[in-house]
Amino acid sequence: MQGLVDTHCHLQALAFEADLAEVVARARAAGVADMVVCAGGSDDWERTACVAREHGLAYMLGIHPLLVPKAHEEDLERLSALAEASMADPHFIGIGEIGLEGLVMTIDARQEHFFREQLRIAARLDLPCSIHVRKSASRLLYHLRRIRVTGVVHAFNGSDAERDAFLALGLKLGFGGAATYEGSLRIRRHLAEVPADAFVLESDAPDMPSSARRDSGDLRSEPADVAQTASLAARLRGVTRDELLFQSIQTTQAAFKRLKLRQLR
């Protein structure tokens, strides 16, 4: 595989319904060779997989914490069965987006139950996760220390102690558009300081717009934006863009093992 990988996007979203082919083409023209489409909830699992297959992308299946209130217990059973059946699909690479949301929701027993059960599915199938964390790191770590998985802590913006705790568990940290803001001092410091094999790049499209998108008035982020984040990461880390690109490929394939297998088919 050559080129960047957007390790977390939501191209199944309605925001891309009218011009998805153009969005994917712009990403590839910008040097983003692959994109990981992360599901939101059971209602978009089928569309997530279809979008990935149609455009030659990767996808993950899961239940986002913000959608847990609408989820049902049987959705966990469906996810387990679907993930197992999808192991034969080279586009399917993991469980996501899952996690805990403590900013706009209360972290309660139900939210933790859905997170814990999805971790168990990932651990049973030896699949990586894309993990959502907002005001929830301590509870995330509680579960992650008990159910060990691989993968990425998406859109990381935590403390040094949280950073070190996630890295100690072998997880990678995801950085995207938020890093491009000059005021994002903590995120930029993390991106500059973490080991070269500890981070991946992402867009969270259509969310998490870059500073350039904010300045232009176009707040819909796209996978192509990962190219800008890569240039910033190279500058912050004091390496060439080629060096950054090479290491990014290695780290991304280490985080998402099935990505490499998919490229060899």
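Tyr59 is buried, with a relative accessible area of 0%. Buried here means under 20% relative accessible area, exposed means over 50%, and partly exposed lies in between (1.4 Å probe, protein chains only). Phe92 is also buried, at 0%.

This is a predicted model, in which local features need pLDDT of at least 70 and side-chain atom pairs count only at pLDDT 80 or more, while totals for chains, interfaces and linings use all residues. Residues are numbered from 1 along each chain as its sequence is written, and side-chain values use heavy atoms, leaving out hydrogens and water.

**Aromatic pairs**

A search of the whole structure finds three aromatic pairs. Rings of Phe, Tyr and Trp (its six-membered ring) pair if their centres lie within 6.5 Å; planes under 30 degrees apart count as stacked, over 60 as edge-to-face and the rest as tilted. Two of the pairs are in the table.

| Pair | Centre distance | Plane angle | Type |
|---|---|---|---|
| Tyr59 and Phe92 | 5.5 Å | 50° | tilted |
| Phe175 and Phe199 | 6.4 Å | 65° | edge-to-face |

Tyr59 lies in strand 3 and Phe92 in strand 4 (residues 92–101), so their pair ties together parts that are 33 residues apart in sequence. Helices (H or I, at least four residues) and strands (E, at least two) are DSSP runs, numbered from the N terminus. The other pair also links distant parts of the chain: Phe175 sits in strand 7 (residues 172–175) and Phe199 in strand 8 (residues 199–201), 24 residues apart. Both Phe175 and Phe199 are buried.

**Cores**

The largest nonpolar core has 69 residues. A nonpolar core is a set of buried Ala, Val, Leu, Ile, Met, Phe, Trp, Tyr and Cys residues joined through side-chain atoms within 4.5 Å. Leu11, Ile95, Leu144 and Phe166 have the most contacts inside the largest core. A second, separate core has eleven residues, including Val5, Val36, Ile93 and Val152.

What does Phe166 touch, not counting residues up to four places away in sequence? Its partners include Ala137, Leu140, Leu141, Leu144 and Val153. Phe156, Leu171 and Leu173 are also among them. Contact means heavy atoms within 4.5 Å.

**Arg163**

Arg163 is found in helix 6 (residues 160–168). At 11% relative accessibility, Arg163 counts as buried. Leaving aside residues up to four places away in sequence, Arg163 touches Phe156, Leu173, Arg189, His190, Glu193 and Val194. Arg163 and His190 are 27 residues apart along the chain, and their C-alpha atoms are separated by 8.1 Å.

**Backbone details**

Two cis peptide bonds come next. One runs from Gly96 to Glu97, with omega near 5°. Glu97 is in strand 4. Another joins Ala205 and Pro206, with omega about 10°. Pro206 lies in the loop between strand 8 and helix 8 (211–216).

Met208 is found in the loop between strand 8 and helix 8. Met208 has a positive phi of about 50°, although it is not a glycine. At 17% relative accessibility, Met208 counts as buried. Asp126, not a glycine either, has a positive phi of about 55°. Asp126 is placed in the loop between helix 4 (109–125) and strand 5 (129–134).

**Loop residue Leu67**

Is Leu67 buried or partly exposed? Leu67 is partly exposed, with a relative accessible area of 33%. Leu67 lies in the loop between strand 3 (58–61) and helix 3 (73–85).
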